[in-house]
Amino acid sequence: QFVGRIMRPAPMPLKTGLPIHIMANVRVNPEGNNFINQGDGNQWNGTLLDSATGDMYVSLIKSIILRDPSNRNNNRNVANSPSRNVSKNLFTANNDVSNNARSIYQSTWPVMSKVKPCIKPYISGSLHTSLADRPYFYSSMSKTFVKLSKGCFPGKNMPTLVQNFVAKRMEILDVPPEVADDLSHAGVVVNRMNPPELRTFLRRNDYTPSSKVSAKMPIGMEEELYEVDQTCLSLLEYCTSDMKMNEDGGDNGGGAFGEVDVAAQRREILPCLRGLRLCPTSDGGVGRFSRSNVTDPNNSYLIGSENDRLLMPFMLKLFIHPQALESETLKNFFQNEDAKRILGITTFNPSILSYHIGSILPSSWKGKLKVAWNNPGGEDGQPTHLWLRRFWRVVDITDAGLVDLFSEYPLVPLCSGELLSCSLVNSALLIDTSKQDNDNLNKEMNHMDEVAFQEVDEDSDDGGDDDEQKK
């Protein structure tokens, strides 16, 4: 491993930690392992090393970058030169441009965390400000070196898909984080694409998802899961990574000992997501979070199980994609009540199902007291047996208030093969076949898929209602 030393002109024991040797007639102690830091010696060393670590160092970096094969600007100049062999060799090397560019920062760049304490006081104060004004920062987008002001540094732990998205719209500087840190410590304004900056960036650069293949599924059909938009998922994960969703906080500012109120901090950040197209939906698309408070839950994005989604298969665009809900990064985000309230997200419930039931069932069924259930899953839109089972898993038959939400529609299955209006549920005889002693009745029921409520759930641990009647 290369170790930069002071040379006078032979190498001395004095190591600098810089990736270069410095030849200068500096004044050192008798052992040659430290500078003289007092009186005339200190002034002399300061004058020599300020030049060596200032303008001269900047010129050295410039000459190396101009010759580097990863610099597309340099490649253009060489391509016009008479030497075709050199041009061919350089373009071949350009296949690995990112690695070549990064090696410059490892072999040449002054990284202050590696610099020895003995020489730090002598490093020119203008070194990093001079570097910041020059096109010495490699861009993975344009495959060339650009000025610092033309691009941004990726934030800490920024996912690759997020970097790719940003790189299509502005220069992403493929530079080690230590370089950015040194510039920032020197007072240079550094553009970092951290979560707050990305949220602001997305307001000016709306995420547009790629086209997806959509298809309709018959009611009750087992779920055909669409692929989640991975770029959207990565953008949302990174945009929420600074919100500390797994931590609680008080509602009245910081604690008694001045600790940060993370809940209040979270409530300040969450509105920054409003209006951003970052909600991955179950149809493979991407929705836009509400721009303001959503007072009507029926217009919200929905958090639901597979059973819930299969009850509304034509409305998958309302459901948040299960991969987003299962993401380790986003799991706490979608469970947080503040996030749901501010961004217009609601957990699926019977009330929401009742709002959309008219677009799920045949329109001719509305207001009917009894209908023939003779074409389940057919073209006329009749629900399948499986769909009705799913429905009564969500709607508790013993809860009059929930059943009344669907009073305009016939959804109570009868042994006759008909459906009875939910408004008349109290006039129907509920039969739990698992509790029958009549063998003939049991055999008859087993041959009829349309038996009503043979699932007073098998996994239910209650012993049955007192109102249950047996034949």
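For residue classes, Ala, Val, Leu, Ile, Met, Phe, Trp, Tyr, Cys and Pro count as nonpolar, Asp, Glu, Lys and Arg as charged, and the others, Gly among them, as polar. By these classes, the lining of the second largest pocket has eight nonpolar, six polar and four charged residues. The model is predicted: local features need pLDDT of at least 70, side-chain atom pairs count only at pLDDT 80 or more, and totals for chains, interfaces and linings use all residues. Residues are numbered from 1 along each chain as its sequence is written, and side-chain values use heavy atoms, with hydrogens and water left out.

**Second largest pocket**

- A pocket is found on a 1 Å grid over the protein atoms alone, as an open set of points where a 1.4 Å probe fits, with protein on both sides within 12 Å along at least five of seven lines.
- The volume of the second largest pocket is about 350 Å³, a volume being the space filled by probe spheres set on the points, which are joined across faces, edges and corners.
- Its lining has 18 residues, and Arg102, Pro154, Gly155, Gln163 and Val175 lie nearest the centre; a lining residue has an atom within 4 Å of a point.
- Strand E6 (151–154), helix H7 (160–167) and H8 each give two or more residues to this lining, where helices (H or I, at least four residues) and strands (E, at least two) are DSSP runs numbered from the N terminus.
- H7 supplies four lining residues, the largest share.

**Nonpolar cores**

- A nonpolar core is a set of buried Ala, Val, Leu, Ile, Met, Phe, Trp, Tyr and Cys residues joined through side-chain atoms within 4.5 Å; buried means under 20% relative accessible area, exposed over 50%, and partly exposed in between (1.4 Å probe, protein chains only).
- The largest such core holds 43 residues, and Ile22, Phe35, Trp109, Ile119, Phe137 and Leu183 have the most contacts inside it.
- At least two residues of this core come from each of strand E2 (11–15), helix H1 (39–52), helix H2 (55–67), helix H5 (97–107), helix H6 (127–132), strand E4 (137–139), strand E5 (144–146) and helix H8 (177–185).
- The largest share of this core is that of H2, with four residues.
- Another core, of 40 residues, lies apart from the largest one and includes Phe201, Cys239, Leu278 and Ala324.

**Salt bridges**

- There are nine salt bridges, each defined as a side-chain nitrogen of Lys or Arg within 4 Å of a carboxyl oxygen of Asp or Glu.
- Asp181 and Arg192 form a salt bridge whose closest N and O atoms are 2.6 Å apart. Asp181 lies in helix H8 and Arg192 in strand E8 (residues 192–193), so the pair ties together parts 11 residues apart in sequence.
- Asp181 is partly exposed at 32% relative accessibility, and Arg192 is partly exposed at 25%.
- Asp338 and Arg267 meet in a salt bridge through their side chains (3.3 Å, N to O). This pair links distant parts of the chain, with Asp338 in helix H15 (residues 337–343) and Arg267 in helix H11 (residues 262–269), 71 residues apart.
- Asp338 is buried, with a relative accessible area of 15%, whereas Arg267 is partly exposed at 25%.
- Between Glu328 and Lys331, the closest N and O atoms of the salt bridge are 3.4 Å apart. Glu328 is exposed, at 63% relative accessible area, and Lys331 is partly exposed, at 31%.
- A network of salt bridges links Asp206, Arg277 and Arg288.

**Helix H10**

- Nine of the 10 residues of helix H10 (residues 230–239) are buried, so H10 is largely enclosed by the rest of the structure.
- The buried residues of H10 include Cys232, Glu237 and Cys239; Cys239 also belongs to the core of 40 residues.
- At the start of H10, a side-chain oxygen of Asp229 comes to within 3.3 Å of the backbone nitrogen of Thr231.

**Backbone geometry in loops**

- The Arg8 to Pro9 peptide bond is cis, with omega near -15 degrees, and Pro9 sits in the loop between strand E1 (5–7) and E2.
- Lys143, in the loop between E4 and E5, has a positive phi near 55 degrees and is partly exposed, with a relative accessible area of 27%.
- Asn157, in the loop between E6 and H7, has a positive phi near 60 degrees and is exposed, with a relative accessible area of 67%.

How values were computed
A polar contact is a pair of N or O atoms within 3.5 Å; within protein, one must be able to donate a hydrogen and the other to accept it, and residues adjacent in sequence count only if both atoms are side-chain atoms.
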